[in-house]
Amino acid sequence: MRTRTTAGAAGALALLTALTGCGAADMTKQASPYAAAEGARTVTLSVQSWVGAQANVAVAKYLLEHELGYRVDTVQVDEIPAWDALSQGRVDALLEDWGHPEQEQRYIAEKKTIARGGNLGVTGHIGWFVPTYFAEKHPDVTDWKNLDKYADQLRTAESGGKGQLLDGSPSYITNDKALVKNLDLDYKVVFAGSEAAQITQIKQFAKEKKPFLTYWYKPQWLFEKVPMTEVKLPPYKEGCDADPEKVACAYPHTPLQKFLNADFAKKGGKAAAFLKNFRWTTEAQNDVALMIAEQKLTPEAAAEKWVEANEATWRKWLP
């Protein structure tokens, strides 16, 4: 799974660099000058570091600007700080959340500073994956109980004498260190540092037809380029991941949610109504994400291309 603070060309270039580069500075403490600008036709969207979330924001931003006449700013914030920014009114909306029950309890139920914005229409799932070419040769690798059998083949310089479980950014939702420990697996979690760096590593493994085990998630456009097969972990049951130190089960399937600053939800007019209505499919998100990440279109160009081809879909979102 980082910010633009000016509306000029320099700010736009900075945002493009942040969205398409292999890494980005931590800008989580910066706020948009447009956030909570009462009476102004401005909207500030939180954009997460993974490309699927960037696709949501790109399309929402394009339509807010070109169909509803708003001025839109984006602020790139990590998952947990995004809730603080939303609560404080430094951003108006978060369009893709993968489930943060503690934050929901604090900010929605108790402080009432954040409001639910509805279902994004996309179901997210985190899991462990091996390349399909390896799973076809060794079908039993898709059961976690057999992973140690392949640890030798999955060792890298970074994992030392253990098999490597490749993760992305430490800021993403991950139970992997606890899972490795609690399932007593001969593996070490190695962080690539970002989604882009993880994709680069996965592509290199695939190019060389090497085996690998990686933390990954759906929806994600990379599956179209590197087919991967999920490793079955112990089944997920409600509450099995309640204690982060004792997790020994699979990740859940999570309907991804939108959240709005509570004041913006009430007073945001057509912009708030539009963002509540924004709901699309996994396939649509992947189409835009693929244009940004693989075809190297700017987020705005990718959004424009999708919007031109899908008027029947987005027209329903307009208030």
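F278 is buried, its relative accessible area being 0%; buried here means under 20% relative accessible area, with exposed over 50% and partly exposed in between, using a 1.4 Å probe and protein chains only. This is a predicted model, in which local features need pLDDT of at least 70, side-chain atom pairs count only at pLDDT 80 or more, and totals for chains, interfaces and linings use all residues. Residues are numbered from 1 along each chain as its sequence is written, and side-chain values use heavy atoms, leaving out hydrogens and water.

Let's turn to ring pairs. Rings of Phe, Tyr and Trp (its six-membered ring) pair if their centres lie within 6.5 Å; planes under 30 degrees apart count as stacked, over 60 as edge-to-face and the rest as tilted. The structure holds 17 aromatic pairs. In one of them, the ring centres of F134 and Y150 are 5.7 Å apart and the planes stand at 80°, so this pair is edge-to-face. Both partners are shielded: F134 is buried at 6% relative accessibility, and Y150 is buried at 4%.

Back to F278: with W317 it forms a tilted aromatic pair, 4.5 Å centre to centre and 40° between the planes. W317 also counts as buried, at 4% relative accessibility.

Ring pairs also build a cluster, which links W50, W98, Y172, Y215, W216, Y217 and Y251.

Finally, look for charges over rings (NZ of Lys or CZ of Arg within 6 Å of the ring centre and within 35 degrees of the ring normal). R41 lies over the face of Y70, 4.2 Å from the ring centre, and R106 lies over the face of Y107, at 5.6 Å.
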